[in-house]
Amino acid sequence: STWRHLSIMNFELWAQRLNTVLIQNQSLWRHNAYSNFNASPIDDNAVLRNFLLALNDGEFAQLQRNDRQLLKSLIPYFPPAVELLELITITSAPAASHREPPVGIPGNKWQQIQAFIDAHPTEIGETQANQNPALLNNTPAIEWCSGKGYLSEALFSRYALDSVGLEIDASLVDSGNTRVGKSAGRTYQIVKCDVLSEHVFNYVNSSTQVLALHACGGLHQRLLSVSATAHSPRISFSPCCYHRFNHGEYQPLSSSMKASALPLSNSDLRTAVRQTCTAGASETAARRRLQARYIGLRLLLAEQGFATDTALPSSPQHWSKMSFRDWVNETLSRKPIAVTIPTNIDQYEVAGAQGLHKAERLDLIRMAFRRAIELRCVLDSILYLQEQHYDCTLSEFCPSSLTPRNLLVQAVKRAAI
């Protein structure tokens with residue numbers, strides 16, 4: 001079954017079921033096989049462990065990037081996969097029509113924008129929740145955290161929709177407005193505004209709808225509180241990067257999630273965005289090389305009495321081109337610990353590559369929960385909006401191959417009785 005067409009009241013049931021599954025299985029999705037590789041919480045499930053370790057590279061890559069396929073493959077070995085699959089299955093968006101991007105806008109980003117717009121109704125009656133005239137094509141829009149205003153540009157191009165983009169980075173504001181200036185008669189603009197400040201209320205009010213494509217963590221939560229306070233008639237957002245701008249852990253908004261016994265750390269929230277469908281081959285290769293090097297270094301640390309999950313500084317991608325010895329020295333120079341570098345240091349890189357092969361496969365059990373963690377956050381936002389007298393829908397606005405952050409919340413303010 002799919003959840004998108006449930007009645008409004010069932011968002012609460014959905015959230016509570018997700019919450020329960022996550023609480024019951026937290027030892028699995030909180031275990032990081034890349035830094036805690038001496039023992040795994042599935043060691044006592046030999047059938048599951050053997051299935052994961054037997055995956056070839058092609059099978060692993062396919063499951064790593066497809067949540068539903070991963071859960072379907074786990075069902076014979078891992079009973080909770082049945083309920084998880086049900087809870088994460090949402091009606092998918094139809095394939096978006098391809099539109100050539102304007103000069104200067106990356107093609108992948110432009111297709112995401114077009115799919116985002118396609119998922120919105122433009123006439124009364126296109127969604128059950130749409131009970132008032134706050135429609136996409138006749139209500140001035142605020143683009144939240146707009147960057148260069150690509151979404152605003154697309155909205156104007158499609159609907160001649162008046163809009164204002166709010167962006168804190170002055171260089172992006174200038175660049176976006178330069179794009180506006182190249183198109184005569186445009187009625188959208190980008191303004192410099194910190195959306196965390198009270199200045200935002202100069203733009204968001206009861207006559208403006210608010211839209212955001214991929215607003216990070218605390219920034220999309222701020223969008224919800226500002227929009228609700230200002231009585232915005234329509235809110236539409238696609239969230240991402242739940243671990244950013246949130247004071248170190250997830251800050252629940254709704255009454256029921258505030259009462260939950262399940263806190264989510266930023267480490268947990270990073271699990272929710274671990275899918276990497278859109279990374280290029282060279283980027284993926286560099287990331288895997290660095291992951292293998294970290295495992296090799298952790299094996300060396302373990303031999304010298306350090307915990308395998310000792311915090312280590314992150315590496316920029318170009319460090320993957322260093323020799324392993326130089327990489328180890330550079331990394332340890334940023335984390336001064338008394339480690340002796342052996343003469344056979346390169347053997348640890350080989351061992352790290354072998355360890356990565358194992359860790360990637362065992363970590364699939366954590367990845368099986370990533371969409372559930374994400375949906376738990378998104379449903380918290382929906383429950384909050386319902387408390388603020390909005391009717392909501394939840395859908396996927398594009399395939400995960402276009403962007404894994406493809407959830408779309410649309411909320412319409414209920415008319416006062």
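Tutor: Let's start with strand S5 (234-240): seven of its seven residues are buried, so S5 is largely enclosed by the rest of the structure. Here buried means under 20% relative accessible area, exposed means over 50%, and partly exposed lies in between, with a 1.4 Å probe and protein chains only. Strands (E, at least two residues) and helices (H or I, at least four) are DSSP runs, numbered from the N terminus. Both faces of S5 are covered, with Arg234, Ser236, Ser238 and Cys240 buried on one side and Ile235, Phe237 and Pro239 buried on the other.

A word on the source: this is a predicted model, in which local features need pLDDT of at least 70 and side-chain atom pairs count only at pLDDT 80 or more, while totals for chains, interfaces and linings use all residues. Residues are numbered from 1 along each chain as its sequence is written, and side-chain values use heavy atoms, with hydrogens and water left out.

Strand S4 (residues 209-216) runs parallel to S5, and six bridges join the two. Two strands count as paired if DSSP finds at least two bridges between them. Along this pairing, leucine 213 stands opposite serine 238 in S5, and alanine 215 has proline 239 of S5 as its bridge partner. S4 is also largely enclosed by the rest of the structure, because eight of its eight residues are buried.

S4 pairs with strand S1 (residues 141-143) as well, in the parallel sense and over three bridges. There, alanine 141 stands opposite glutamine 209 in S4, and isoleucine 142 has valine 210 of S4 as its bridge partner.

Stepping back, these strands belong to an open sheet of seven, in the order S3-S2-S1-S4-S5-S7-S6, with mixed pairing. Strand S3 (188-192) and strand S6 (390-396) stand at the edges, each with a single partner strand, so one side of each has no neighbour in the sheet. From one strand to the next, the twist averages 20°. Strands of a sheet pair through backbone hydrogen bonds, either parallel or antiparallel.

Now look at what lies against the sheet. Helix H7 (residues 107-118) lies across S4, S5 and strand S7 (407-413), running at about 140° to S4. Such angles run from 0 to 180 degrees between N-to-C directions, and axes are lines fitted to C-alpha atoms, for helices over the stretch in contact.

H7 also packs against helix H8 (residues 150-159), at an angle of about 55° and with the axes 10 Å apart. That makes H7 oblique to H8; angles under 35 degrees count as roughly parallel, over 145 as roughly antiparallel, 65 to 115 as roughly perpendicular, and the rest as oblique. On the H7 side, the contact is made by Lys109, Trp110, Ile113, Gln114, Phe116, Ile117 and Asp118, and on the H8 side by Tyr150, Leu151, Ala154, Leu155, Arg158 and Tyr159. Contact here means heavy atoms within 4.5 Å. The residues of this contact divide into nine nonpolar, one polar and three charged. In that grouping, Ala, Val, Leu, Ile, Met, Phe, Trp, Tyr, Cys and Pro count as nonpolar, Asp, Glu, Lys and Arg as charged, and the others, Gly among them, as polar.

Leucine 385 is buried, with a relative accessible area of 0%. Not counting residues up to four places away in sequence, leucine 385 touches Leu224, Ile235, Phe237, Tyr390, Cys392, Val409 and Ala411. Among these, Ile235 and Phe237 are on one of the two covered sides of S5.

For another helix pair, turn to helix H13 (residues 281-303) and H14, whose axes come within 11 Å and cross at roughly 70°. That makes H13 roughly perpendicular to H14. Leu290, Arg293, Tyr294 and Leu297 of H13 meet Phe324, Trp327, Val328, Thr331 and Leu332 of H14, and these residues divide into seven nonpolar, one polar and one charged.
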